[in-house]
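How does one read a fold from its coordinates? Let us take it feature by feature, as a dialogue.

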Amino acid sequence: MSKKDKSQDKEKKEKKVVDGKGDAPRLQRLEIIMSQSIEEDFVTAFMKKDTGKMFTKLPVVMGRGVTDPKMGDAVWPQLNCMYIVICTKEQADVVKGIIADLHKEYPREGLACFKSKVKML
């Protein structure tokens, strides 16, 4: 299959996802919460790979996971951010790899990913 054919096939699949027509792939919702300090590394890897085009960014997220709280105040000054990504299973697997790489590189930074199924209405 030529590059042009692969590109057209990919565009058709993405159109099915957006239109909701045909045999669209099953979609998954990823909620990725991370320390703002590693966001740039995540975004760089996310944009380089085929991870889908449907996402929402919440730039300021406060809370606590398994690391220190991130509350944006005098006691806990750091903040988190969150990405909600709607993608196929294959794209979710790519994101899972990005998350694993970031965990290795930044083992003490907050980073979590939660996955659920989603259906476009």
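This is a predicted model: local features need pLDDT of at least 70, side-chain atom pairs count only at pLDDT 80 or more; totals for chains, interfaces and linings use all residues.

Q: Where do I begin? How many helices and strands does the chain have?
A: Start with the inventory. The chain has 3 helices and 4 strands. Read from the N terminus, the order is α-β-α-β-β-α-β.

Q: What share of the residues is buried?
A: Of the 121 residues in the chain, 28% are buried. The accessible surface amounts to about 8,600 Å². Carbon and sulfur atoms account for 55% of that surface.

Q: What do the contacts between residues at least 6 apart in sequence look like?
A: Of these contacts, 74% join residues at least 24 apart.

Q: Which residues of helix 3 are buried?
A: The general idea first. An α-helix has 3.6 residues a turn, so residues three or four places apart point the same way. Now the case here. Gln 91, Ala 92, Val 95, Ile 98, Ile 99 and Leu 102 are the buried residues of helix 3. Their arc around the axis is only 115 degrees, so they sit on the same side of helix 3. On the other side of helix 3, the exposed residues are Glu 90, Lys 96 and Lys 104.

Q: What do the buried residues of helix 3 pack against?
A: Their partners are strand 1 (27-35), helix 2, strand 3 (80-88) and strand 4 (111-118).

Q: Which residues are buried in helix 2?
A: Glu 39, Phe 42 and Phe 46 are buried in helix 2. They span an arc of only 60 degrees around the axis, which places them on the same side of helix 2. Glu 40 and Lys 48 are exposed on the other side of helix 2. The buried residues of helix 2 pack against strand 1, strand 2, strand 3 and helix 3.

Q: How do I read a core? Which residues touch the most other members of the largest nonpolar core?
A: In soluble globular proteins, nonpolar side chains tend to be buried together. Here the largest nonpolar core has 16 residues. Leu 30, Ile 32, Met 34, Phe 42, Tyr 83, Val 85 and Leu 111 touch the most other members. Strand 1, helix 2, strand 3 and helix 3 each give two or more residues to this core. Helix 3 provides the largest share, 5 residues.

Q: What is Ile 32 in contact with, leaving aside its neighbours within four places in sequence?
A: Ile 32 contacts Phe 42, Cys 81, Met 82, Tyr 83, Val 85, Val 95, Ile 99, Leu 111, Ala 112 and Cys 113.

Q: How do I read charge pairs? How many salt bridges does a search of the whole structure find?
A: Side chains of opposite charge can pair when their charged atoms come close. The search finds 3 salt bridges.

Q: Which residue pairs with Glu 39?
A: Glu 39 forms a salt bridge with Lys 57, with the closest N and O atoms 2.8 Å apart. Glu 39 lies in helix 2 (residues 39-48) and Lys 57 in strand 2 (residues 54-61), so the bridge ties together parts 18 residues apart in sequence. Glu 39 counts as buried at 13% relative accessibility. Lys 57 counts as partly exposed at 39%.

Q: Which residue pairs with Lys 89?
A: Lys 89 bridges to Asp 93, and the closest N and O atoms are 3.3 Å apart. The two are 4 residues apart in helix 3 (residues 89-105), so about one helical turn separates them. Lys 89 is partly exposed at 45% relative accessibility, and Asp 93 is partly exposed at 40%.

Q: Which residue pairs with Arg 29?
A: Arg 29 forms a salt bridge with Glu 31, at 2.9 Å between the closest N and O atoms. Arg 29 is partly exposed, with a relative accessible area of 27%. Glu 31 is partly exposed too, at 24%.

Methods. Residues are numbered from 1 along each chain as its sequence is written. Side-chain values use heavy atoms; hydrogens and water are left out. A salt bridge is a side-chain nitrogen of Lys or Arg within 4 Å of a carboxyl oxygen of Asp or Glu. Buried means under 20% relative accessible area, exposed over 50%, partly exposed in between (1.4 Å probe, protein chains only). The arc is that of the directions from the helix axis to the C-beta atoms. Contact means heavy atoms within 4.5 Å. Accessible areas come from the Shrake-Rupley method with a 1.4 Å probe; for residues, only the protein chains shown count as cover. A nonpolar core is a set of buried Ala, Val, Leu, Ile, Met, Phe, Trp, Tyr and Cys residues joined through side-chain atoms within 4.5 Å.
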